[in-house]
Structure formats: structure tokens, C-alpha cells
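The following exercises concern the geometry of a single protein model. Each task is followed by a solution worked in steps.

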Amino acid sequence: MQHSNKITQLKALDSICNRCKVRNLCTANILSASERKNFSDAIIHNERWGRGQHLFFPGDQLRFIYIVHSGSFKTYITNINGETQITGFYFQGDVIDLNISNHAKQNYGAVALETATVCKIPIAEFENMVNQSPDLSNVFLKVMSREIVLKHRMMLVMSKMTAEQKVANLLIHLSAENKSRGYSPVILNLSMTRTDIANYLGLAIETVSRVFKVFRNKGIVSVERRQVSINEFEALKSYLLDNDIKASRKAVSISKK
């Protein structure tokens, strides 16, 4: 009888999130079985988006928080002249949009870079779950902290680094992202175009192409269409190390004046 009750309880806790193949990458994975069941019941699962389709546009009413289930997205802002600046790339398991005011409007847009699926959490449901689960609140605070760190790093990249360093920094970042998701850290299948990369890094597309050619000629990377293989990881990292050394020497020089 007890065995039967246990089976009934397990079935009651079953959910789409429990059966998800990428559960280990998802924010919901830190929750208890019962919390994950509530989380799963509140989510709109695996909505499909085609390449170039918008999750939302700048100015849209904020209605959901999005978790990337498969594929990838880019986010962008638009200035008063209609020019766009790409602000980030999001991959499997990433959370898009943590501005959780019910009356807020989007100040940026999000576009699928390839065929992708997302899980959507209605804002009101999300707020209820955060109030009821300290664990969920803590993990989303960590996600927000990570976003802040990445944005600060991007400011450094845009203002201080050479073109070679910017591209090297991006490849190292994408390598780390791949590794965290259980994929190869040295074989990168880039879903973004060279134009996207150039826009994100604040470079001309010709400059990005030149840098990839330099890296390829030195044997640091191999490039086959959108697949980039990192052959010499330490050589790639040395570009950033050079920048750190120069910054340290400059700081010492200033302090001696």
C-alpha cells in the first residue's frame, strides 16, 4: 500500500520540466521536485521561433520572462536615428529579460539567430513563485548579477581593446559558454553572422574578417563557414594577456608620476 502511494506521489510531481532533456542547464533545476512541478505548470513550454523572428520589439509591453530551450537569440537597442546596437547573445539555458515590473515596457528587442525554442514565464506567475521560493529568488539574483558583469566587461571591450583583442575575447567567452553546456570548448558553431559580430564589437565587418584571417594564418583558428575551431587556445588568450600587462604597466607609470 505504501509502495502504491509513493508511485502516486511521484506521478503527481511529474512535469514537462522533470522530463526535459536540457533540465541541467535550466534555472528550474535547483528547485525541489514539488517547486519544480509548480514552476513547470506555470510555464508556456517550447514555443518555436524561426530565424529572424522577434521574441519582442523595443516598446512592447513586458509580459514574460524567457528561458532559451534550444537555439540562440540576440538582443539589441535602437537609437533615435533608428541605428541598432547588438547588446548580447543568448544560448541554451540562458534567461532573457529580468525587468519584472508589470507596467514596464521593453527598452530593447530580441531576435532568433536560428530556429529556436523558448519557455515563457508570465510575469505575474514569476513574481508569485519568487515570493514563495527563496531558492528561485537567489538563483535569479545570480543571473542578474551575471548580466551586470557581462555588460561591464562589454564596456571594457568596447573602450580599451584592439580589434584582435575584441575578437579573441568573444571567442574565449563563447568557448566558456560551450563548455558550461557540455559542448566542445574548441569547436564553435557560430549562429551569429560576421555582421552581427562586427556590430556587437563596434568594428567594421571588414576588420572582423581581417582579424579572422590573421588568426587563421597564424594557425590559431580554423574557419569553415560559421564553424570556428580553436587550434591554439593559449595563443588566443595571449592577446588578452598582452592587454592586461599593458594596463598594469600604465597604472604603475601613472602612480610614479
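**Conventions.** The model is predicted: local features need pLDDT of at least 70, side-chain atom pairs count only at pLDDT 80 or more, and totals for chains, interfaces and linings use all residues. Residues are numbered from 1 along each chain as its sequence is written, and side-chain values use heavy atoms, with hydrogens and water left out.

**Exercise 1. Locate arginine 225 and state its phi and its exposure class.**

Step 1. Arginine 225 is in the loop between strand 10 (221-224) and strand 11 (227-230). The hairpin of these strands has two residues between them.

Step 2. Its phi is near 55 degrees, a positive value in a residue other than glycine.

Step 3. Arginine 225 counts as exposed because its relative accessibility is 78%.

Step 4. Asparagine 46 lies in strand 1 and, at 37% relative accessibility, counts as partly exposed.

**Exercise 2. Determine the strand order of the four-stranded open sheet and the helices that pack on it.**

Step 1. The order is 1-8-3-6, with antiparallel pairing. Strand 1 (44-49) and strand 6 (95-96) stand at the edges with a single partner strand each, so one side of each has no neighbour in the sheet.

Step 2. Strand 3 (residues 64-70) pairs with strand 8 (residues 116-122) over six bridges in the antiparallel sense. Within strand 8, cysteine 119 is the bridge partner of isoleucine 67.

Step 3. Helix 3 (residues 33-42) packs on the sheet and touches strand 1, strand 3 and strand 8, its direction making about 105 degrees with that of strand 8. Helix 4 (residues 123-132) lies across strand 3 and strand 8, at about 65 degrees to strand 8. For these angles, axes are lines fitted to C-alpha atoms, for helices over the stretch in contact, and angles run from 0 to 180 degrees between N-to-C directions.

**Exercise 3. Describe the hairpin of strand 4 and strand 5.**

Step 1. Strand 4 (residues 73-78) and strand 5 (residues 84-90) are paired in the antiparallel sense over six bridges.

Step 2. Isoleucine 77 is opposite glutamine 85 in strand 5.

Step 3. Five residues separate the two strands, and glycine 82 in the turn has a positive phi of about 85 degrees.

**Exercise 4. Characterise the packing of helix 6 against helix 7 and helix 8.**

Step 1. Two packed helices are described by the angle between their axes and the distance between the axes.

Step 2. The axes of helix 6 (residues 163-180) and helix 7 (residues 194-201) come within 11 Å and cross at roughly 110 degrees. Helix 6 is therefore roughly perpendicular to helix 7; angles under 35 degrees count as roughly parallel, over 145 as roughly antiparallel, 65 to 115 as roughly perpendicular and the rest as oblique.

Step 3. Lys166, Val167 and Leu170 of helix 6 meet Ile197, Tyr200 and Leu201 of helix 7. By class, this contact of helix 6 with helix 7 has five nonpolar, no polar and one charged residues. Here Ala, Val, Leu, Ile, Met, Phe, Trp, Tyr, Cys and Pro count as nonpolar, Asp, Glu, Lys and Arg as charged, and the others, Gly among them, as polar.

Step 4. The buried residues of helix 7 include Ile197, Tyr200 and Leu201. Just after helix 7, glycine 202 has a positive phi of about 70 degrees.

Step 5. Helix 6 and helix 8 (residues 205-217) pack at about 75 degrees, with their axes 10 Å apart. Helix 6 is thus roughly perpendicular to helix 8. Ala163, Glu164, Val167, Ala168 and Leu171 of helix 6 make the contact with Thr207, Arg210, Val211, Phe212 and Phe215 of helix 8. The residues of this contact divide into seven nonpolar, one polar and two charged.

Notes
Contact means heavy atoms within 4.5 Å. Two strands pair if DSSP finds at least two bridges between them. Buried means under 20% relative accessible area, exposed over 50%, partly exposed in between (1.4 Å probe, protein chains only).
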